[in-house]
Amino acid sequence: MNEADSLVAESLQGLCQVHPHLRLDLDHKVVYSEQAAQLRDSQVTVICGGGSGHEPSHAGLVGKGMLTAAVAGNVFASPSATQVLSCLRNVASAKHGTLVVVKNYTGDIINFGRALERARAEGLAEKIELLVVGDDVGVGGGEDSAVGRRGLAGTVLVHKCAGAAAALGGTFEQVKAAAETVVSNVGTIGVALRPCTVPGTANEARQFKGHEIELGMGIHGEPGYQTAQLSTSKNLVKLIIDKILESNPMKGKFANKKVILLVNNLGGSTALEMGIVSKDAVEYLESKSFEVLRLYSGHFMTALDMQGVSLTLLAVPTESEKDLLTWLDYPVEVAGWSNLMGSKGKPWSVSEDFIERAASGSDKTETTTTKDGYLVKAWKPAIIAACEAAIKEEPKITAYDTIWGDGDCGLTLKGGASAIKKAIEADQIPFDDQNPAATIMKISEIVEQTMGGTSGGLYCIFLDALANAFRTSNSADLYAVKQWGTYLNSALASLQKYTTARVGHRTLMDVLIPFVEKFAQENSFEAAVKEASSAVDSTIDMIPLRGRATYVGHGEDEQPYKDPKYRVPDPGAYGLYQLLQGFYNSSKSA
């Protein structure tokens, strides 16, 4: 690669240059079908998106017969609500409706959900709905789970059937029903010899002992449900298929004894290995009296360079067999399914009309900076100090997240902090003493553009609510310390409407909530930062109850976190503390 920061954008440019049916909005990282405008007026439109690193999903599935558009986030990070909204402004069908498909990850649900609500408010389409896919039957999704099953390669079959149903002229209700038929009957499990390596990180991928493999590993490198010794393809295929057939979500769905089989390369498996796994999977299913109606094998939803495969079984109900086969057999023109199309010199950028539509509705309000004002003297250096603290601590945050997540937390926070610092240095953030809300809202806008994912969404919601608290304040002394407690409490209350994470769940909320509460109680920034420091330490021994970390440390006996390596602070909580401490250290000397 060239630079980690431009990896996704450059990859999308290359994809669209190779495939002449695609158009790219580079600013928002949205890939459209060349016929998107016509499709918007003639049929139900289907869009999707998510973090990059899973190619050909999702942009590689855009084209005739499948997706109308796809929105790309950074590697393993959800695209922002602004990105998604720009896409909806272009392809939401007021006449026919729009179905938005996402995998079951918190960041995707939050940011796509925010964009859908804004799209409804703008009147873009009367029928526009979010469909969440959670086909991972290896981990998650129990009755007491607040996280649910992860979205894996089965999502591609949802795209295929929904896209075909739309192309065949189905109503919004029919297209949604087609997608739901797949969602309710599909199960996936992956197996890997080695996790993936996140581009731009200094940390090596999590290593297995000896000849170990891991069953149920997620597409971001999240640990699965069982480690085992490397065995033959036949034995591994048997383990995976039996687990899918016997899993609670899939029990009772194979009465018809007919299935669709998708063998997915997770990124680093050879063509020879894929052929063997495909053969063994078909033979094992047939030995159990299953009829494999369709077999697909290849790269569909990868995990960067992960050495492994996933198997997806779609149970075919008798009443849906004819429709499912019609949808699956419908010819498509997309990069990542079957029809590979090469080109040179073809246009790959979206039209000016799409660029203008994507930007409509954005805030164009002009703001100024009060020369030698309070915000310039107090807020500006404090914000820079907070950003520098987060940037400095990135390697440590990344190391913690490599243990507890997918290794992107430090880089994501560093990306946001670097962008804010750069914007301040370029005088792109206003510091108007009469309008502090504008300062906070601009920072929120930058965070949304550069961070993405769940943490980016949470920061944005909190900052927007904090800005609103300043904007609506009737205090004669807008910047009084006692007022800050009111502002922070208001922002926290708004944020808690959109996340169930609370103290004890091992997230950044373990720092944010005590910080706000202590500030409101004592009107003291110093006391609040000390409370935040203690809160970070308290996360060391917590068992995570939210986010990707919930998948870490569980074996077959469900006894979590026996390994001392897990005794590190939550990376999101630690990152937030660094921001708060950096801000405080600067402000106390102002």
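Which element gives the most to the lining of the second largest pocket? Helix α11 does, with six residues. A pocket here is an open set of points on a 1 Å grid over the protein atoms alone, with protein on both sides within 12 Å along at least five of seven lines, and lining residues have an atom within 4 Å of a point. Helices (H or I, at least four residues) and strands (E, at least two) are DSSP runs numbered from the N terminus.

The model is predicted: local features need pLDDT of at least 70 and side-chain atom pairs count only at pLDDT 80 or more, while totals for chains, interfaces and linings use all residues. Residues are numbered from 1 along each chain as its sequence is written, and side-chain values use heavy atoms, with hydrogens and water left out.

The second largest pocket holds about 920 Å³ of space, a volume being the space filled by probe spheres set on the points, which are joined across faces, edges and corners. Its lining has 36 residues, and L463, L466, W484, L580 and F583 lie nearest its centre. Two or more residues of this lining come from each of α11 (374-392), α13 (409-425), α14 (436-450), α15, α16 (481-495), α17 (509-522) and α19 (571-587). By class, 32 of the lining residues are nonpolar, three are polar and one is charged. In this count Ala, Val, Leu, Ile, Met, Phe, Trp, Tyr, Cys and Pro are nonpolar, Asp, Glu, Lys and Arg are charged, and the others, Gly among them, are polar.

Next come the nonpolar cores. Such a core is a set of buried Ala, Val, Leu, Ile, Met, Phe, Trp, Tyr and Cys residues joined through side-chain atoms within 4.5 Å. Buried means under 20% relative accessible area, with exposed over 50% and partly exposed in between (1.4 Å probe, protein chains only). The largest nonpolar core has 70 residues, and W379, I420, F470, V511 and F515 have the most contacts inside it. Helix α15 (residues 453-471) gives the most to this core, with 11 residues. Apart from this core lies another, of 65 residues, among them L12, A72, V175 and M301. In soluble globular proteins, nonpolar side chains tend to be buried together.

Leaving aside neighbours within four places in sequence, I420 is in contact (heavy atoms within 4.5 Å) with I383, C387, I429, I443, I446 and V447.

T45 is buried, with a relative accessible area of 0%. Not counting residues up to four places away in sequence, T45 touches L39, R40, T68, V91, A92, S93, G97, T98 and L99. A polar atom of the T45 side chain lies 2.8 Å from the backbone oxygen of V91. The C-alpha atoms of T45 and I461 are separated by 28 Å, and these residues are 416 residues apart along the chain.

The loop between β3 and β4 (69-75) contains P56 and H58. The peptide bond from E55 to P56 is cis, with omega near 15°, and the bond from S57 to H58 is cis, with omega near 10°.

K29 is in the loop between β1 (22-25) and β2 (30-33), and R506 is in the loop between α16 and α17. K29 is buried at 14% relative accessible area, and R506 counts as buried at 1% relative accessibility.

Methods: On a 1 Å grid over the protein atoms alone, a cavity is a set of points where a 1.4 Å probe fits but cannot get out, and a pocket is an open set with protein on both sides within 12 Å along at least five of seven lines; lining residues have an atom within 4 Å of a point. A polar contact is a pair of N or O atoms within 3.5 Å; within protein, one must be able to donate a hydrogen and the other to accept it, and residues adjacent in sequence count only if both atoms are side-chain atoms.
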